[in-house]
Amino acid sequence: AALPAPDLAGLSTVLRSAVAQGAPGALVRIDDHGLTYRVTHGVADRDTRRLISTDDRFRVGSITKTFSAVVLLQLVHEHRLSLDAPVNRYLPELLPDDRITVRQVLSHRSGLADYTNDMFADSVKGFEAVRNKVFTYRQLVALALQKPRTNAAGAAYSYSNTNFVVAGMLIEKLTGQPVRTAYDKRIIGPLGLQDTFYVHPDTAIPGRYARGYLTPDKAGAPLVDATAQTVSWAQSAGAVISSARDLDVFYGALLGGKLLPAARLAEMERFTKVDGTTAYGLGLRRRDLSCGVSVYGHTGAVQGYYSYAFATKDGGRSLTAVANTSNNGKVLGTLAGVLESAFCGEPKA
Ligand SMILES: CC1(C)S[C@@H]2[C@H](NC(=O)CCCC[C@H](NC(=O)C[NH3+])C(=O)[O-])C(=O)N2[C@H]1C(=O)[O-]
């Protein structure tokens, strides 16, 4: 059944609420079978007061995880990787348990602890300690292996950035190239994504971008400009830079079957239930909306930026929304409202 038209007034209300709750600016772009809708509110830069634009580039955080999962599923299709093989077959002795498989890593069921919990326990201090640091993948995995595992291999869903650091190691081992090359050759180039970059460990966002502001833990403390950072603490788990247009193209193409053969996309869409309305596949989230529509994509939270990027099952309608703050649970929750407005239309009277 055709979807109702996006509720533009509803989108504007969500963005205004996000700004009222502390985001300097917010944006949403919808691409719907060739039609484009754009809504913005607030500023990209608190000093110059430049208004935010849907053309502004931003850090996508964990939306990066879908990029990494796509590359690995392409390698599965090329018979260079088996989802049900142990990670240690490809990266000998990396993990303390030979039973942890590639599929468990990509679906957050490996039990590997998330090193960012300790790293960012104090949000501003933790960020300032790493914003200019460059980590190796092995250093990040070593941090994770210092903590007890959250569950036995495959026994439960437990979100962990460590899983997609391991994914980056698999990509580099199997392709013999840096993750940047794999993203460029297998996704960014073929889709013609002009605003999408993996520049790690550079700290600058190329071209025109929205500045990102970290909300301190202490209520009322001033926002911290977090725009410049290496994002080396995340890399293949969170360091991609992109734009609303490019992410709409990316998820539209992925769900539209243009990036992976149907059998591999089906693997990505084997979901583990997370809560009443969300489930996680392989580097892909599913969100079940109030109107019975399910949308597929990922969310992102990196210092200075919250983002949502989701599309319909066939990729015909895709949405990207961004607020240029983070560590502000109200804004993260409010921003989710764009999905209802975009895919369920105006609320029934
Ligand atoms: C599950 C999430 C929301 S968190 C996860 C990943 N982002 C991180 O793990 C970064 C955590 C620190 C970010 C920082 N928070 C703190 O410092 C808190 N003390 C802030 O908000 O700027 C990402 O992106 N994912 C989102 C996802 O996948 O949806």
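This is a predicted model: local features need pLDDT of at least 70, side-chain atom pairs count only at pLDDT 80 or more; totals for chains, interfaces and linings use all residues.
Trainee: What is the strand order of the open sheet of 8 strands, and which are the edge strands?

Mentor: The open sheet has antiparallel pairing and runs in the order β2-β1-β12-β11-β10-β9-β8-β7. An edge strand pairs on one side only, and this applies to β2 and to β7 (272-273). The edge strands are therefore β2 and β7.

Trainee: How many residues of strand β1 are buried, and which way do they point?

Mentor: In a regular strand the side chains alternate between the two faces of the sheet. In β1, Ala26, Val28, Ile30 and Asp32 point one way, whereas Gly25, Leu27, Arg29 and Asp31 point the other way, and all are buried. The count for β1 (residues 25-32) is 8 of 8.

Trainee: Which residue takes a positive phi in the hairpin of β1 and β2?

Mentor: This hairpin has 2 residues between its strands. A positive phi near 50 degrees is found there at His33.

Trainee: Why do the buried residues of helix α6 lie on the same side, and what do they pack against?

Mentor: The buried residues of α6 (residues 123-130) are Ser123, Gly126, Phe127 and Val130. Their arc around the axis is only 95 degrees, which puts them on the same side of α6. The face turned away from this buried side carries the exposed residues Lys125 and Ala129. The elements against which the buried residues pack are α5 (116-119) and β4 (213-214).

Trainee: Which polar side-chain atoms lie 2.6 Å, 2.7 Å and 2.8 Å from ligand atoms?

Mentor: Among the 16 residues around the ligand, those that come nearest are Ser62, Phe120, Thr299, Ala301 and Ser326. For Ser326, a polar side-chain atom is 2.6 Å from an oxygen atom of the ligand. For Ser123, the distance is 2.7 Å, to a nitrogen atom of the ligand. The 2.8 Å distance, to an oxygen atom of the ligand, belongs to a polar side-chain atom of Asn161.

Trainee: Is Ser243 buried or exposed?

Mentor: Ser243 is found in the loop between β6 (241-242) and α10 (244-255). Beyond its sequence neighbours up to four places away, Ser243 touches Asp56, Arg57, Phe58 and Asp195. Because its relative accessibility is 1%, Ser243 counts as buried.

Trainee: What is the relative accessibility of Leu255, and what separates its C-alpha atom from that of Leu170?

Mentor: Leu255 is found in helix α10. Its contacts, not counting residues up to four places away in sequence, include Leu265, Tyr296 and Ala311. Leu255 counts as buried because its relative accessibility is 5%. Leu170 is 85 residues apart from Leu255 along the chain, and their C-alpha atoms are separated by 24 Å.

Notes
Residues are numbered from 1 along each chain as its sequence is written. Side-chain values use heavy atoms; hydrogens and water are left out. Buried means under 20% relative accessible area, exposed over 50%, partly exposed in between (1.4 Å probe, protein chains only). Helices (H or I, at least four residues) and strands (E, at least two) are DSSP runs, numbered from the N terminus. The arc is that of the directions from the helix axis to the C-beta atoms. Contact means heavy atoms within 4.5 Å. Two strands pair if DSSP finds at least two bridges between them. A residue is near a molecule or strand if one of its heavy atoms lies within 4 Å of it. A polar contact is a pair of N or O atoms within 3.5 Å; within protein, one must be able to donate a hydrogen and the other to accept it, and residues adjacent in sequence count only if both atoms are side-chain atoms.
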